[in-house]
Amino acid sequence: QVQLVESGGGLVQAGGSLRLSCAASGSTFSINDIGWYRQAPGKQRELVARISSRGSANYADSMKGRFTISRDNAKNTVYLQMNSLKPEDTAVYYCNARSILGSYWGQGTQVTVSS
């Protein structure tokens, strides 16, 4: 079992920044990669970024240049640095971990960007 605890969401003005955190616990040795997804009202959940156990990162094209995913292995924590935020970035952001045991989701954290 893997547990994910998210933090860092909130309300910011357009152009501002936030850093989201995803702390993993439990059978963390089994995790292959961790990703951030988001879901806006009335929209499908979409990939934001993923990072592998060896540090290889992948981004959705629309996120490149503004968002950065990183990892602190000692803390079993993955971060999403979000810069130059736009109102269209408003969504619930979810952390996801994939392992041989299955796929696990965090509870989600709300990001709201005001215009």
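**A tour by selection**

Begin by selecting strand 1 together with strand 3 (residues 18–26), which run antiparallel and are joined by 6 bridges; strands here are DSSP runs of E with at least two residues, numbered from the N terminus, and two of them pair if DSSP finds at least two bridges between them. Residues are numbered from 1 along each chain as its sequence is written. The model is a predicted one, in which local features need pLDDT of at least 70, side-chain atom pairs count only at pLDDT 80 or more, and totals for chains, interfaces and linings use all residues, while side-chain values use heavy atoms, with hydrogens and water left out.

Within this pair, pick Ser 7, whose bridge partner in strand 3 is Ser 21.

Then move to Tyr 59, which is found in strand 6 (residues 57–59). Tyr 59 counts as partly exposed because its relative accessibility is 23%, the class between buried (under 20% relative accessible area) and exposed (over 50%), with a 1.4 Å probe and protein chains only. Show the residues in contact with Tyr 59, meaning heavy atoms within 4.5 Å: beyond its neighbours within four places in sequence, they include Val 48, Lys 64 and Phe 67. Finally, draw a distance from the side chain of Tyr 59 to the backbone nitrogen of Ile 69, which it reaches at 3.0 Å.

How values were computed. Helix = DSSP H or I, 4+ residues; strand = E, 2+ residues; numbered from the N terminus. Polar contact = N/O pair within 3.5 Å; in protein donor to acceptor, adjacent residues only side chain to side chain.
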